[in-house]
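Here is a short report on one protein chain. Keep the structure open beside the text as you read.

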Amino acid sequence: MEETHVVTVFLRNGTDVLLFRRSEDVGSYAGQWGAVAGHAEGDPDAQARVEIREETGIDPDADATLVHTGEPFAVTDDERGTRWVVHPFLFDCDTRDVTPNYETAGYEWVPPTAIRERETVPDLWTSYDRVRPSVESVSDDGTHGSAYVSVRACEVLRDDAAAGADYDALLGTARDLLAARESMAAVANRVNRVVADAADTDADAILASACAVIDAALAADGDAAAAAAVELADASLLTLSRSGTALDAIVGADPDHVVVAESRTGREGVVTAERLAEAGLDVTLTTDAAIASLVADVDAVLVGADTVLRDGSVVNKVGTRTAALAAAAVDVPVYAVCATDKVAPETDPDDPDLEAAPPTALYDGDAPLDVVNPLFDVTSASLVTRIVTEDGVLDPADVEGVAAALSALRAWQ
């Protein structure tokens, strides 16, 4: 039997993926739905990018980012006498503007669960299953902010429910997700909401609730960014790390200049600086150590927040506290932008759970020394001028009220 290697490439924008209905001009599976696909001619990684460009008109280097490469698997089509070896890929995509080629009769951006409801090329769900979000990918994501990670956590529950997991298994997955990122309040709050808001104790209810929570989360993150953009319109800004909400707020504020600290050791700030420059802003990328020297030249500091503690303190990428202290010394205001789901239901401000980055990311030598490589730090409420959310600016009393409401979501545990 002939063996043919092919790539199947899922482009994801937000939480939707791009599906194509194959035209009559293709050699196989005409009329069926698939993802970006093509023969893998020696180098599947390179061919995935070739197919993205040819089938969508999207530049895979400028407008898409590789998220995951799945393990190849075989699909046997006895009728065609072919054994397909499928190489799955998942890319995050910055645009939904698609220019299809002759291979496509139609296309749609849809939730991945739609794959299970359509007539697709063989084993399309298996391809997606090999690259979709998982407890492990949520746990291991050290580059994205908690808004992004929390949505992916909800997608794990959505996709598991769609794939046929029973209610008890879904509760086990929810508990695993809670343990995966204990320092990110948004992950806990949104996972808790999926279970708490489910209309019944079955998988279909979890699926419906997960979809609703995802939609609400994306709307809240967008509304928070829009509110911060209004608050800081035209102000020159300094930021750090990689918060999608903060990035959207900065683009919306249209500042005349943005300073971005690189955010070691992961250097997530470099990606933020690139994205802001691609959006047409005047951007300066600098080192974390230079923040104190440059903060006096901006109108405000704007950061995201991985968690807001009950007293109004902000947990965020390490370096946030340094930026806030430097800003306070020269009377530059500090703004944190986030959805209210970032508020921690119950956290001792004196002892929050802070993740650490791998020590080897800082030092992998042989000298007999200790390495401290924190991933997050705590910026006290006294150093944060305003916390801007989808509900406007939160004062300390507001934070307490939000925390109490979010605490009630944990009753299912």
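The crossing of α4 and α6 is right-handed. The model behind this report is predicted. Their axes lie 8 Å apart and meet at an angle of about 30 degrees. Angles under 35 degrees count as roughly parallel, so α4 runs roughly parallel to α6. On the α4 side, the contact is made by Ser146, Ala147, Val149, Ser150, Val151, Ala153, Cys154 and Leu157. On the α6 side, Ala186, Val187, Arg190, Val191 and Val194 take part. By type, the residues of this contact divide into 10 nonpolar, two polar and one charged.

**Helix α4 and its other partner**

Helix α4 covers residues 146-162, which is 17 residues. From its first C-alpha to its last it reaches 24 Å, close to the 24 Å expected at 1.5 Å a residue. How much of α4 is buried? The count is 16 of its 17 residues, so the helix is largely enclosed by the rest of the structure. Just after α4 comes Gly164, with a positive phi of about 110 degrees.

Helix α7 (residues 203-231) also packs on α4. Here the angle is about 160 degrees, and the axes are 8 Å apart. Angles over 145 degrees count as roughly antiparallel, and α4 and α7 are therefore roughly antiparallel to each other. This crossing is left-handed. From α4, the contact takes in Ala147, Val151, Cys154, Glu155, Leu157, Arg158, Ala161 and Ala162. From α7, it takes in Ala203, Ile206, Leu207, Ala210, Cys211, Val213, Ile214, Ala217, Leu218 and Asp221. The residues of the α4 and α7 contact divide into 15 nonpolar, no polar and three charged.

An α-helix has 3.6 residues a turn, so residues three or four places apart point the same way.

Arg181 sits in the loop between α5 (167-180) and α6 (185-196). Is Arg181 buried or exposed? It counts as buried, because its relative accessibility is 3% and the cut-off is under 20%. Leaving aside residues up to four places away in sequence, Arg181 touches Val138, Ser139, Asp141, Val149, Val187 and Glu355. Two of these names have come up already: Val149 belongs to the α4 side of the α6 contact, and Val187 to the α6 side.

Ser28 is a second case. The loop between β2 (16-22) and β3 (33-34) holds Ser28. At 13% relative accessibility, Ser28 counts as buried. Beyond residues up to four places away in sequence, Ser28 touches Arg22 and Arg80. Ser28 and Arg80 are 52 residues apart in sequence, with 9.0 Å between their C-alpha atoms.

Trp33 is buried, with a relative accessible area of 13%. Again leaving out residues up to four places away in sequence, what does Trp33 touch? The list is Leu19, Phe20, Arg21, Gly106, Tyr107, Glu108, Arg118, Glu119, Thr120, Val121 and Leu124. For a reference distance, take Ala210, which is on the α7 side of the α4 contact. Trp33 and Ala210 are 177 residues apart along the chain, and their C-alpha atoms are separated by 24 Å.

**Backbone exceptions**

Most residues other than glycine have a negative phi, and most peptide bonds are trans. Several places here depart from that pattern. Arg264 and Thr265 are joined by a cis peptide bond, with omega of about 10 degrees. Thr265 is placed in the loop between β10 (258-261) and α9 (268-278). The loop between β10 and α9 also holds Arg267. Asp254 lies in the loop between α8 (244-253) and β10.

| Residue | Phi | Relative accessible area |
|---|---|---|
| Asp254 | near 50 degrees | 47%, partly exposed |
| Arg267 | about 60 degrees | 36%, partly exposed |

Definitions and conventions. Residues are numbered from 1 along each chain as its sequence is written. This is a predicted model: local features need pLDDT of at least 70, side-chain atom pairs count only at pLDDT 80 or more; totals for chains, interfaces and linings use all residues. Side-chain values use heavy atoms; hydrogens and water are left out. Helices (H or I, at least four residues) and strands (E, at least two) are DSSP runs, numbered from the N terminus. The expected span of a helix is 1.5 Å times one less than its number of residues. Buried means under 20% relative accessible area, exposed over 50%, partly exposed in between (1.4 Å probe, protein chains only). Axes are lines fitted to C-alpha atoms, for helices over the stretch in contact, and angles run from 0 to 180 degrees between N-to-C directions. Angles under 35 degrees count as roughly parallel, over 145 as roughly antiparallel, 65 to 115 as roughly perpendicular and the rest as oblique. A crossing is left-handed if the near helix is turned anticlockwise from the far one by less than a right angle, and right-handed if clockwise. Contact means heavy atoms within 4.5 Å. Ala, Val, Leu, Ile, Met, Phe, Trp, Tyr, Cys and Pro count as nonpolar, Asp, Glu, Lys and Arg as charged, and the others, Gly among them, as polar.
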